[in-house]
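Here is a short briefing to keep beside you while you look through the model. Take a moment with the structure, then read on.

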Amino acid sequence: MNMLEANMRVVTDSINNTVRLAAEFGDESTKDLKLYTSLVERLCIIESKMANHRKALGESAREQTVESFDQCYESKLDNKKPQVRGHKRYKEFVQFAKPLLNPSLDEQSTQERNDGDDDLVIEGDDSNSIDPITKRPMEVPVRNKQCNHVYEKSSIEQLLEQNPRVRCPVMGCPAKQYVQRQFLEVDTRLQKQLMRERAARL
């Protein structure tokens, strides 16, 4: 993982933590979804521009002279404005933050998705709140759509960075395939349940 990607992850995690705190303890002024999405949009623009420059550098590397390198580099640069709304980081953030900060906007679609799933989260059931990897309480639970098991987002991502060929870490999981990022989805319903439980203990 390169330095930019590592820094992007740190900043994104910081924004996610701020959103969680705002949702749990903040007033209306701190629950402005646009404020946080604008920050994530800037990150996506920086990341897209860096990827654009990296690609242009790679395609220009074989040039023999400074002049031909400069010409090739400039011709390969894509000067279009990045489409951040389609950026993976942006979509993941909105999926995470929208139900926390604007639950009324997401309530109908969440209800439709979870219809018939009322027993998925059981009040006070520790197995739903403890990360199977770190054995610590989860902050951002992600559900593996391949096997339906849940992990802490940061711990499963760290595990995948260390070894992309990781199977579900839940003991006895019947899934044989490796965990894949595209099948990990923030479980906003469980996240709100965990936030309610933490607030009740305060």
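In what order do the elements of the protein chain run from the N terminus on? The order is α-α-α-α-α-β-β-α-β-α. The model you are looking at is predicted, and its protein chain holds seven helices and three strands. The points below start with the whole chain, move to a pair of packed helices, and end with salt bridges.

**The chain as a whole**

- The protein chain has 202 residues, and 37% of them count as buried.
- Among contacts in the protein chain with a separation of 6 or more, 62% are made by residues 24 or more positions apart.
- The accessible surface of the protein chain is about 13,000 Å², and carbon and sulfur atoms account for 51% of that surface.

**Helices H2 and H4**

- Helix H2 covers residues 33-60 and helix H4 covers residues 88-101; the two pack with their axes 10 Å apart, at an angle of about 170°.
- H2 is therefore roughly antiparallel to H4, because angles over 145 degrees are counted that way.
- On the H2 side, the residues that meet H4 are Leu 33, Tyr 36, Thr 37, Val 40, Glu 41, Cys 44 and Glu 47.
- On the H4 side, the residues that meet H2 are Arg 89, Tyr 90, Phe 93, Val 94, Ala 97, Lys 98 and Leu 101.

- Side chains of opposite charge can pair when their charged atoms come close.
- The salt-bridge count for this model comes to ten.
- One of the pairs joins the side chains of Glu 92 and Lys 88, at 2.7 Å from N to O.
- Glu 92 and Lys 88 are four residues apart in helix H4, so about one helical turn separates them.
- Glu 92 counts as partly exposed because its relative accessibility is 29%, and Lys 88 falls in that class too, with 48% relative accessibility.

- Which residues are linked in a network of salt bridges? They are Arg 9, Lys 153, Glu 157 and Glu 161.
- Glu 157 and Lys 153 both sit in helix H6, four residues apart, or about one turn of the helix.

**Buried or exposed?**

- Are Glu 157 and Arg 9 buried or exposed? Both of these residues are buried.
- Why does Glu 157 count as buried? Its relative accessible area is 11%, and the cut-off for buried is under 20%.
- Lys 153 is buried as well, because its relative accessible area is 16%.

**More on Lys 153**

- Lys 153 lies in helix H6, which covers residues 153-162.
- Which residues does Lys 153 contact, leaving aside its neighbours within four places in sequence? These contacts of Lys 153 are with Val 140, Val 142 and Val 186.

Technical notes
Residues are numbered from 1 along each chain as its sequence is written. This is a predicted model: local features need pLDDT of at least 70, side-chain atom pairs count only at pLDDT 80 or more; totals for chains, interfaces and linings use all residues. Side-chain values use heavy atoms; hydrogens and water are left out. Buried means under 20% relative accessible area, exposed over 50%, partly exposed in between (1.4 Å probe, protein chains only). Contact means heavy atoms within 4.5 Å. Accessible areas come from the Shrake-Rupley method with a 1.4 Å probe; for residues, only the protein chains shown count as cover. Axes are lines fitted to C-alpha atoms, for helices over the stretch in contact, and angles run from 0 to 180 degrees between N-to-C directions. Angles under 35 degrees count as roughly parallel, over 145 as roughly antiparallel, 65 to 115 as roughly perpendicular and the rest as oblique. A salt bridge is a side-chain nitrogen of Lys or Arg within 4 Å of a carboxyl oxygen of Asp or Glu.
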